[in-house]
Amino acid sequence: MSNQRRPLIAGNWKMNGLASAASELKELVAHAEKHAAPKCDILICPPATLLREMAAVAGNSAVEIGGQVCHANESGAHTGDISAEMLKDAGASYCIVGHSERRADHNETNAVVKAKAEAAHRGGLIAIVCVGETLAEREADKTLDVISDQVKNSLPEGATAANTVIAYEPVWAIGTGKTPTPDDVAVVHAHIRKELDALMNDSDQVRVLYGGSVKGSNAEELMAVENVDGALVGGASLKAADFWPIVATSI
Ligand code: PGA
């Protein structure tokens, strides 16, 4: 991990969590508050229904709150959708865009993801742009091509290290308990950084997270991989007792 890049340990609660889940965030905040000068950023992306309440629980602590997706527009006749401005208004400072579940379940193409990342920036949010290959793509030896395509076509004009984070999440590793080897992760992260070099002036400052079955038992090994600047965590972010050991690798 480069010394200049401040790690980000992010939790994505997906479609999980009722009001009672605030107790998990309170526990996380209590852990974080024991560290006067945390060496990493900590983020929880709860379902939108909990955002405002979670932002209030997080208060001025080191734990930040983010959205899981946003609409490309600021407002309008888009039933059920939520804009980046609304997320910001509810207390978010980040928004995930292009998660593989959105790409697969909601047909979000690279062009859609790019528009959403642009919207996140417009709304004053840091966009976490997700990329990753399917198992079929990996087996066909297409991983690096797929990643190149996603990075080049999902990043909007004006993306900088300050407003954009990349998350490499192999689709086959999400929620499966399977992870690539550290060597495989290193290859993809080095490739992403090379692509970013061609697209952005401050590419060496952009944080590139790894996601997919990160847990307390493998976090240290994964966070030690060159060019890995943090984690995007699904299942193991729901309980503070599971998430904190992952944060602890970087705090
Ligand atoms: P997982 O999910 O940690 O449950 O594998 C990761 C993600 O989808 O961000």
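**Pockets of a predicted model**

Good morning. Helix α4 (residues 100–105) supplies the largest share of the lining of the largest pocket, namely three residues. Helices here are DSSP runs of H or I with at least four residues, numbered from the N terminus. The structure is a predicted model, in which local features need pLDDT of at least 70 and side-chain atom pairs count only at pLDDT 80 or more, while totals for chains, interfaces and linings use all residues. Residues are numbered from 1 along each chain as its sequence is written, and side-chain values use heavy atoms, with hydrogens and water left out.

A pocket is an open set of points on a 1 Å grid over the protein atoms alone, where a 1.4 Å probe fits, with protein on both sides within 12 Å along at least five of seven lines; lining residues have an atom within 4 Å of a point. Volume is the space filled by probe spheres set on the points, which are joined across faces, edges and corners.

The largest pocket has a volume of about 570 Å³. Its lining has 26 residues, and Lys14, Met15, Gln68, Val69 and Arg102 lie nearest the centre. By class, this lining holds 10 nonpolar, 10 polar and six charged residues; Ala, Val, Leu, Ile, Met, Phe, Trp, Tyr, Cys and Pro count as nonpolar, Asp, Glu, Lys and Arg as charged, and the others, Gly among them, as polar.

The second largest pocket holds about 230 Å³ of space. Of its 17 lining residues, Gly175, Ser213, Val214, Gly234 and Gly235 are the closest to the centre. That lining divides into five nonpolar, nine polar and three charged residues.

How values were computed:
Helices (H or I, at least four residues) and strands (E, at least two) are DSSP runs, numbered from the N terminus.
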